Amino acid sequence: MCGIVGYVGNKLATPILIDSLKKLEYRGYDSAGIAVLDGENILVRKAKGALKELEKRIAGETIKGSVGIGHTRWATHGEPSDVNAHPHTSEDGAISIVHNGIIENYAELKAKLQAEGVVFKSKTDTEVAVNLISKLYKEEKDIFKAATKALHLIVGSYALGIICKDYPDRIICARKESPLVVGLGKGENFIASDVPALLKHTRDVLYLGEKEIAVLYTDHVDLFNYEGEKIIKEPSHIDWDMDAAEKGGYPHFMLKEIWEQPKALLDTMRNRIIKDGTGKATDVYFEENKMDDAWRKARRVVITACGTAYHAGVVAKYAFEKIARLKVDIDVASEFRYRNPILDKDDIFIVISQSGETADTLSAMRLAKEQGLKVVAITNVVGSTVSREADDVIYTMAGPEIAVASTKAYTTQLACLFLLAIKAGKLRGVLSQEETTALLDELESIPSKVQEILDNQDTIQKFASEQFNKNKIFYIGRQFDSASSLEAALKLKEVSYMHSEAFAAGELKHGPIALLDQKTLVVAIATEPALYEKIGSNMEEIKSRAATVLAITQDGGKAFDKKADAIFKIPDCSSTLAAILAVVPAQLFAYYCAVLRGNDPDKPRNLAKSVTVE
């Protein structure tokens with residue numbers, strides 16, 4: 001989710017690049033930089049921190065040149081720093097690039113380049129790409145051929161902007177799985193990772209397609225496929241205002257981020273599932289990979305987190321116990337630190353925090369470390385406090401999450417936790433190779449199944465329009481579904497301000513049934529076929545008391561046809577992994593209820609994105 005911009009024309013590039021980057025700060029904000037061709041050399045200026053830090057660095061400096069690229073970063077490789085900030089330049093200074101995405105085979109490419117004598121300054125995958133292009137340029141003597149050849153060697157996702165001091169009249173850009181837009185001006189042309197950066201200058205754009213390349217000059221743009229063949233594409237005209245443009249045409253960031261989940265999940269799993277020569281999934285790989293022995297010897301897993309991250313931990317409890325046969329204790333971080341917890345040196349301590357700065361979670365982690373435990377952190381922010389202090393860290397790769405209510409951060413946390421449980425199960429010898437492969441194959445199918453749910457969001461929107469005035473909403477489920485109910489209820493109360501509560505379905509008759517009446521909605525999450533009969537009985541009890549029932553299920557056998565007022569069917573999936581799917585319709589329901597009640601789902605009252613003080 002980094003922000004890329006580029007300019008080629010007759011004006012000074014720097015002011016345009018800085019102004020365009022300001023429109024993309026919502027995409028990344030741990031560092032920023034620009035590279036400008038002054039006619040002879042590439043001048044690079046970059047700084048850690050918000051864009052204003054870069055502005056301070058270049059204040060009072062006139063950077064000549066009318067061709068340049070810029071970047072605002074959301075770190076995926078290498079912590080935020082001046083050195084790791086983009087643009088990155090080849091060792092000889094001839095080529096500079098900006099990059100959004102993840103290069104999966106960067107370690108392999110880096111090793112080969114180092115063997116040939118290339119010295120790297122940063123810890124980023126992007127510096128590998130620019131030095132690969134540089135190596136090929138020396139062989140091909142043509143920057144376009146070198147760039148195209150490099151694209152065939154790079155594995156992963158990327159949007160790239162490339163400039164070369166020997167070609168001071170152009171920018172080369174390409175995309176695979178990461179967005180890139182070309183802006184068409186008069187006597188000038190632009191690139192950007194998102195439309196907002198372009199609207200001040202032009203509303204005529206070319207959306208680069210998958211595996212397409214563009215070469216921008218002052219007076220025209222050439223488009224190519226990866227074989228170097230020219231292609232023709234009709235421009236699109238943008239009618240959005242700036243506010244809508246930042247949200248990619250979505251009315252709110254929350255809905256945009258719900259729809260970003262398939263890609264966020266793909267990015268989170270990318271390069272972490274090892275496959276054999278036939279393409280069969282065999283194991284899990286984490287870059288840090290420091291704790292294999294600890295997992296083999298572990299007697300217990302202790303998980304602490306707050307809010308949505310805590311709910312991911314509750315799902316993880318079921319996952320680790322089922323997949324890795326490990327005892328798991330799960331604690332709210334704010335309680336854990338005050339109750340003098342009993343810990344053992346062979347326990348593994350997992351902390352989960354989207355921001356990596358949650359105050360209670362940090363305190364719990366430090367307490368565990370004081371007692372000698374190994375700590376695994378799951379976070380969305382490279383270089384955050386939790387990532388620096390943990391023994392091992394797994395990044396969720398969700399990109400910036402702007403809406404206060406977490407959606408894509410939660411599902412990517414679940415993906416990381418399932419991967420970790422599978423790895424632990426295999427390391428401990430309780431998960432066979434066949435079981436490992438089956439679970440990993442199923443996990444790889446999850447992003448496309450989330451997309452199926454999103455493509456049918458109209459069903460949830462219609463149901464929300466009929467139910468948004470209910471005054472009590474209960475979520476029930478059993479096993480994994482009970483854990484999913486916690487997050488579903490939280491989403492609804494966060495953004496709609498409707499009273500919602502979650503509990504294990506078996507607890508219905510132990511108190512909550514007294515609250516059921518015609519003003520009550522009960523959402524029953526049912527993804528475990530062995531328990532369909534049990535939760536079906538719960539639905540009948542609810543219906544007999546005049547409450548409305550929505551079933552979220554993957555059942556295709558009509559087990560709930562006469563027991564629920566409405567059914568939202570999610571795609572078929574192993575019940576072990578279905579928690580990732582089951583929460584998505586609940587996220588959509590919460591969003592639409594909030595909108596129908598006149599609330600701003602991006603900024604719910606009284607809530608902050610990250611709780612960094614007690």
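Apart from neighbours within four places in sequence, Leu373 is in contact with Leu343, Asp344, Lys345, Asp347, Phe349, Ala368 and Asp391. The model in which these contacts occur is a predicted one. Leu373 is located in the loop that runs between helix H12 (359–370) and strand E21 (374–379). Its relative accessible area is 4%, so Leu373 is buried, the cut-off for burial being under 20%. Leu521 lies 148 residues from Leu373 along the chain, and the C-alpha atoms of Leu373 and Leu521 are separated by 44 Å.

Ser178 is placed in the loop between E8 and E9. With a relative accessibility of 1%, Ser178 counts as buried. When neighbours within four places in sequence are left aside, the contacts of Ser178 are Asn100, Gly101, Ser157, Tyr158, Ala159 and Lys263. Between the C-alpha atoms of Ser178 and Lys256 there are 15 Å, the two residues being 78 residues apart along the chain. Glu104 belongs to the loop between strand E6 (95–103) and helix H3 (106–115). Not counting residues up to four places away in sequence, Glu104 touches Val155, Gly156, Arg270 and Asn271. Glu104 and Ala551 are 447 residues apart in sequence, and their C-alpha atoms are 39 Å apart in space.

Backbone geometry was considered next. Most residues other than glycine have a negative phi, and most peptide bonds are trans. Glu177 is not a glycine, yet has a positive phi of about 70°. This residue is found in the loop between strand E8 (167–176) and strand E9 (181–184), the loop that also holds Ser178. Glu177 has a relative accessibility of 27% and therefore counts as partly exposed, whereas Ser178 counts as buried. Tyr497, likewise not a glycine, has a positive phi of about 65°. The loop containing Tyr497 lies between helix H17 (480–496) and strand E24 (500–504). At 25% relative accessibility, Tyr497 counts as partly exposed. A cis peptide bond, with omega about 0°, joins His86 and Pro87. Pro87 lies in the loop between strand E4 (67–73) and strand E5 (88–89).

Two helix pairs were then described. Helix H10 (residues 307–324) packs against helix H14 (residues 408–427) at an angle of about 25°, and their axes are 9 Å apart. H10 is therefore roughly parallel to H14, the limit for this class being under 35 degrees. On the H10 side the contact is made by Thr308, Ala309, His311, Ala312, Val315, Ala316, Ala319, Phe320, Ile323 and Ala324, and on the H14 side by Tyr410, Gln413, Leu414, Leu417, Phe418, Leu420, Ala421, Ile422, Ala424 and Gly425. Of the residues in the contact of H10 with H14, 16 are nonpolar, four are polar and none is charged. The crossing of H10 and H14 is right-handed.

Helix H16 (residues 457–467) and helix H19 (residues 579–596) pack with their axes 9 Å apart and at an angle of about 45°. H16 and H19 are therefore oblique to each other. The contact involves Gln457, Ile460, Gln461, Phe463, Ala464, Ser465 and Gln467 of H16, together with Pro585, Leu588, Phe589, Tyr592, Cys593 and Leu596 of H19. The residues of the contact between H16 and H19 comprise nine nonpolar, four polar and no charged. This crossing, too, is right-handed.

The largest nonpolar core has 96 residues, of which Trp295, Phe320, Ile350, Phe418, Leu443, Tyr475 and Phe589 touch the most other members. H19 gives the most to this core, contributing 14 residues. A second, separate core consists of 35 residues, among them Leu109, Val130, Leu160 and Phe224. Beyond its neighbours within four places in sequence, Phe418 is in contact with Val315, Ala319, Ile323, Leu443, Phe480, Thr576, Leu577 and Ile580.

How values were computed:
Residues numbered from 1 in each chain as written. Predicted model: local features only at pLDDT ≥ 70, side-chain atom pairs only at ≥ 80, totals over all residues. Heavy atoms only, no water. Axes fitted to C-alpha atoms, helices over the stretch in contact; angles between N-to-C directions. Helix = DSSP H or I, 4+ residues; strand = E, 2+ residues; numbered from the N terminus. Parallel < 35°, antiparallel > 145°, perpendicular 65-115°, else oblique. Left-handed = near helix turned anticlockwise from the far one by under 90°. Contact = heavy atoms within 4.5 Å. Nonpolar A, V, L, I, M, F, W, Y, C, P; charged D, E, K, R; others polar. Core = buried A, V, L, I, M, F, W, Y, C linked by side-chain atoms within 4.5 Å. Buried < 20%, exposed > 50% of the residue type's maximum accessible area, 1.4 Å probe, protein only.
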